[in-house]
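The sequence and structure come first.

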Amino acid sequence: MISTAGHCKVACGFCFRADRAHGFLDTATYTRALSRLKEAGVEGVCLSGGEPTHHPQLRQLVRLARQFGMAVSMVTSARVVAEVIALSQVAHLLANVTVSADSQGAMLLGRTTRTAASGIDTLRAISTETKILHVTCWGLRDEECQDLAGLVSEAGVEVQFSPVVLDERALRRDGKSVQDYLVQQRLDADVLSRCFNLSTRYRGYLDELGDLQFPTDGGERRSCRSATAYVSADGDIRRCPYGQASVSTHAPRASIRQFLTAPAQDRVTPDCAAICRSASTHDNDSKSCAAV
């Protein structure tokens, strides 16, 4: 997962990003990162943001990864004309494109305008083999889910869901307790299940988030088991955006390889669990709860 930009105009109130900053990932650092990741056995990259369609050399980023023999995918909130044009110019080179959207309740909570309908419009405008609409859910209603099911069926796109995950600051701002939002996640899953075939992994994921908030054994949180590395917009390689341990892409090859192959030093938190899947549970069903 590569952050091509340290900022995004959407600025979701529930954004998972832990490393927001100004500026873009420069091409030289990106190329060096690809080289080191390839040496470590990485076979594919996902360009994320901020917003990847804002990167001035987006086409070059995609082509460079393909020159390294890597499959390239993208996660985007592209809606405006300039963003959709930038995406369409590289879409045929991408293995898949995921367009982020929010439920009506999530839009209100996060102060966004990323509707599912506008996300599907973006997907319809591009030529990519696999098109995915990813919906962040909060306060779902049956009618909304029925409308969404009709939209994705008509457009012929895949759909993924994830619950809103709120940090302590967001909970205080919205006057909610951790228990409040865990209950809402369950209620939303029940509504979704009446219109979509939710995987068992999705409900297992909700259990995992609950256990992280209220550990039953009182012990130390488990070590990160993410199957995905993360490259920040300033060129640091971490286990995920919330990882504390990192290594620079400009470090010696041996240091980077050791970091990527050694046991993780970071412990799993609710924030990072919202965007990562552990290697031990990375199966075909897990895509139903991938977060964006």
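Leaving aside neighbours within four places in sequence, Q185 is in contact with P163, V164, V165, L206 and L209, where contact means heavy atoms within 4.5 Å. The model is predicted, so local features need pLDDT of at least 70 and side-chain atom pairs count only at pLDDT 80 or more, while totals for chains, interfaces and linings use all residues. Residues are numbered from 1 along each chain as its sequence is written, and side-chain values use heavy atoms, with hydrogens and water left out.

- Q185 is placed in helix α8; helices (H or I, at least four residues) and strands (E, at least two) are DSSP runs, numbered from the N terminus.
- The relative accessibility of Q185 is 3%, so this residue counts as buried; buried means under 20% relative accessible area, exposed over 50% and partly exposed in between, with a 1.4 Å probe and protein chains only.
- A polar atom of the Q185 side chain lies 3.2 Å from the backbone oxygen of V164.
- Between Q185 and L209 the C-alpha to C-alpha distance is 9.9 Å, and the two are 24 residues apart in sequence.

**The α8 and α9 pair**

- Helix α8 spans residues 178-193 and helix α9 spans residues 200-213; they pack at an angle of about 175 degrees with their axes 11 Å apart. Axes here are lines fitted to C-alpha atoms, for helices over the stretch in contact, and angles run from 0 to 180 degrees between N-to-C directions.
- The two helices, α8 and α9, are therefore roughly antiparallel to each other; that label applies to angles over 145 degrees, with under 35 counted as roughly parallel, 65 to 115 as roughly perpendicular and the rest as oblique.
- On the α8 side the contact involves V178, Y181, L182, Q185, R186, A189, D190, L192 and S193, and on the α9 side Y202, R203, L206, D207, L209, G210 and Q213.
- By class, the contact of α8 with α9 has 8 nonpolar, 4 polar and 4 charged residues. Ala, Val, Leu, Ile, Met, Phe, Trp, Tyr, Cys and Pro count as nonpolar, Asp, Glu, Lys and Arg as charged, and the others, Gly among them, as polar.

**Strand pairing**

- Strand β1 (residues 2-3) pairs with β2 in the parallel sense over 2 bridges, with I2 opposite L47 in β2. Two strands pair if DSSP finds at least two bridges between them.
- β2 and β3 run parallel and are joined by 4 bridges; V45 has V72 in β3 as its bridge partner.
- Strand β3 (residues 71-76) is joined to β4 by 4 bridges, and these strands run parallel; the bridge partner of S73 in β4 is N96.
- β4 pairs with β5 in the parallel sense over 7 bridges, among them one in which S100 is partnered by H134 of β5.
- β5 pairs in the parallel sense with strand β6 (residues 158-163) over 6 bridges, and in β6 the bridge partner of H134 is Q160.

**Burial of the strands**

- In strand β2 (residues 44-48), 4 of the 5 residues are buried, so β2 is largely enclosed by the rest of the structure.
- Strand β4 (residues 96-102) is largely enclosed by the rest of the structure because 6 of its 7 residues are buried.
- For strand β5 (residues 130-137), 6 of the 8 residues are buried, so β5 too is largely enclosed by the rest of the structure.

**The loop between α4 and α5**

- R114 sits in the loop between α4 (104-110) and α5 (116-124), and R111 is placed in the loop between α4 and α5 as well.
- R114 is buried, with a relative accessible area of 7%, whereas R111 counts as exposed at 54% relative accessibility.
- The side chains of R114 and S77 are joined by a polar contact of 2.8 Å. A polar contact is a pair of N or O atoms within 3.5 Å; within protein, one must be able to donate a hydrogen and the other to accept it, and residues adjacent in sequence count only if both atoms are side-chain atoms.
- R111 is not a glycine, although it has a positive phi of about 55 degrees.

**V231**

- V231 is placed in strand β7 (residues 230-231) and is buried, with a relative accessible area of 3%.
- Not counting residues up to four places away in sequence, V231 touches M1, I2, S3, A33, L37, D236, I237 and T249.
- V231 and V247 are 16 residues apart in sequence, and their C-alpha atoms are 9.7 Å apart in space.
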